[in-house]
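Subject: Structure handover

Hello,

My notes on its pockets follow.

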Amino acid sequence: MPTITIEPATADRFSDAEHALTGGGDGASCQCQWWMLTNKDFNATSREEREDRLKSELTSGPPPALIAYVDGEAAGWVRVGPRTAQVRLARTRTYAASPQPWDDENVWAVSCFAVRREHRGQGLNARLLEAAIDYARQSGARILEAYPVDTDIEKKSTSELYHGVLSTFEAAGFHEVARPKPSIAIVELELTN
């Protein structure tokens with residue numbers, strides 16, 4: 001049975017972050033900057049500029065994500081942090097149905113997962129989500145929000161599942177607060193209980 005550990009994405013783990021993000025899907029080109037930039041700004045940046053932005057995030061802290069390791073190899077990534085820092089979330093019409101005020105710094109968001117192809121099917125998303133909940137709680141978040149895909153309604157390609165899957169969030173105790181599209185849910189978990 002493999003040993004799975006999860007650590008904060010810090011400056012000294014930048015090469016591990018890159019390894020986790022470049023194993024399939026859009027992580028290599030996105031550099032987990034999609035939610036951090038407006039559409040206009042994202043489209044105006046190169047992959048190298050996004051990589052520099054990610055490196056700056058990891059250097060300046062606090063850690064904007066967590067990295068999953070399988071037997072010491074970086075295998076997965078989850079972005080988790082204050083929703084106010086993830087500027088595109090508030091500008092995404094689909095998420096306007098969130099019941100939480102967009103300027104509330106105590107509302108955090110889990111917005112992106114990436115798992116390397118060779119490590120898929122091992123439950124890493126669930127482990128990353130569990131660690132993200134703990135990290136948000138320890139960091140003082142009041143609510144943790146997410147925007148998962150309901151694969152019971154619509155099957156999606158692996159690349160389209162970067163939001164996470166609804167059943168994983170439900171198993172972790174999240175409850176649905178809005179359904180802006182048939183296959184997209186807004187879920188939240190109260191962390192102050």
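The second largest pocket is lined by 19 residues, and Trp-35, Thr-92, Thr-94, Tyr-95 and His-163 lie nearest its centre. A pocket here is an open set of points on a 1 Å grid over the protein atoms alone, where a 1.4 Å probe fits, with protein on both sides within 12 Å along at least five of seven lines; lining residues have an atom within 4 Å of a point.

This is a predicted model: local features need pLDDT of at least 70, side-chain atom pairs count only at pLDDT 80 or more, and totals for chains, interfaces and linings use all residues. Residues are numbered from 1 along each chain as its sequence is written, and side-chain values use heavy atoms, with hydrogens and water left out.

The space in the second largest pocket is about 290 Å³. Helices α3 (39–43) and α5 (87–91) each supply at least two residues of its lining, which divides into 6 nonpolar, 6 polar and 7 charged residues.

The largest pocket holds about 610 Å³ of space. Its lining has 27 residues, with Phe-113, Ala-114, Thr-158, Leu-161 and Tyr-162 nearest the centre. By class, 14 of the lining residues are nonpolar, 10 polar and 3 charged. At least two residues each come from α2 (27–30), β4 (107–115) and α6 (124–138); β4 gives the most, with 4.

On confidence, the average pLDDT (the predictor's confidence in each residue, from 0 to 100) is 94 for the chain, and 99% of the residues score at least 70. Confidence is lowest in α2, at a mean of 86, and highest in strand β5 (residues 143–146), at 98.

Regards

Definitions and conventions. Points joined across faces, edges and corners; volume = space filled by probe spheres on them. Nonpolar A, V, L, I, M, F, W, Y, C, P; charged D, E, K, R; others polar.
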